[in-house]
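Please open the structure in a viewer and keep the selection tool at hand. The stops below say what to select next and what is found there.

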Amino acid sequence: MADLGAKQPHELLFMLGGVLAVLLSVAVYGIQWTTQGIPQSQYPAVVTTMIINVVLGGALWVSAAIVRKNLMNGALVAGVISVILIYFGGQPGTIGGVVGLLGAILAAAKPYLPWSRHE
């Protein structure tokens, strides 16, 4: 927990976006599977969406580490991952992608913000 306090806000948004993409897709399809079942004709779409959300959600989490090494490279990586999540991730991917995109915008704007000039 102490490590979370040392992170920048954009890093936390990247991590939150990745976690939301993964956990929301697991929750949505898990609840649908246990309550009413998933029709066999929808299996390929569900599996594809789950794989996209898990892989890109994990990549969005990793971009929080990339942004520590190079701010703009991490912001670009997170922005591209977020746009792909928004486009292909279904509703859970869209939610995680929007949060990641907000983090990418904040990371790209960080050098120009008045309170970050002292670093």
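This is a predicted model: local features need pLDDT of at least 70, side-chain atom pairs count only at pLDDT 80 or more; totals for chains, interfaces and linings use all residues.

Begin by selecting Asn-53, which lies in helix α3; helices (H or I, at least four residues) and strands (E, at least two) are DSSP runs, numbered from the N terminus. At 0% relative accessibility, Asn-53 counts as buried, where buried means under 20% relative accessible area, exposed over 50% and partly exposed in between (1.4 Å probe, protein chains only). Show its surroundings next: leaving aside neighbours within four places in sequence, Asn-53 is in contact with Ala-21, Val-22, Ser-25, Leu-85, Gly-89, Pro-92 and Gly-93. Contact here means heavy atoms within 4.5 Å.

Residues are numbered from 1 along each chain as its sequence is written, and side-chain values use heavy atoms, with hydrogens and water left out.

Now select Ile-52, also found in helix α3. Ile-52 is partly exposed, with a relative accessible area of 22%. Not counting residues up to four places away in sequence, Ile-52 touches Gly-57, Leu-85, Phe-88 and Gly-89.

Zoom out to the whole chain. It has five helices and zero strands. The C-alpha atoms fill a box of roughly 55 × 30 × 20 Å, taken along the principal axes. Of the 119 residues, 34% count as buried.

Select α2 and helix α5 (residues 90-109) together. Their axes come within 7 Å and cross at roughly 175°; axes are lines fitted to C-alpha atoms, for helices over the stretch in contact, and angles run from 0 to 180 degrees between N-to-C directions. The two helices are therefore roughly antiparallel to each other. Angles under 35 degrees count as roughly parallel, over 145 as roughly antiparallel, 65 to 115 as roughly perpendicular and the rest as oblique. Residues making the α2–α5 contact include Leu-13, Gly-17 and Leu-20 of α2 and Val-99, Gly-100 and Gly-103 of α5.

Stay on helix α2 and pick Gln-32. At 18% relative accessibility, Gln-32 counts as buried. Gln-32 touches Gly-37, Ile-38 and Gln-42, not counting residues up to four places away in sequence.

Which residue forms a salt bridge with Arg-68? Select Glu-11: the closest N and O atoms of the pair are 2.9 Å apart. A salt bridge is a side-chain nitrogen of Lys or Arg within 4 Å of a carboxyl oxygen of Asp or Glu, and the structure holds one. Glu-11 counts as buried at 4% relative accessibility, whereas Arg-68 is partly exposed, with a relative accessible area of 47%.

Leu-23, placed in helix α2, counts as exposed at 54% relative accessibility.
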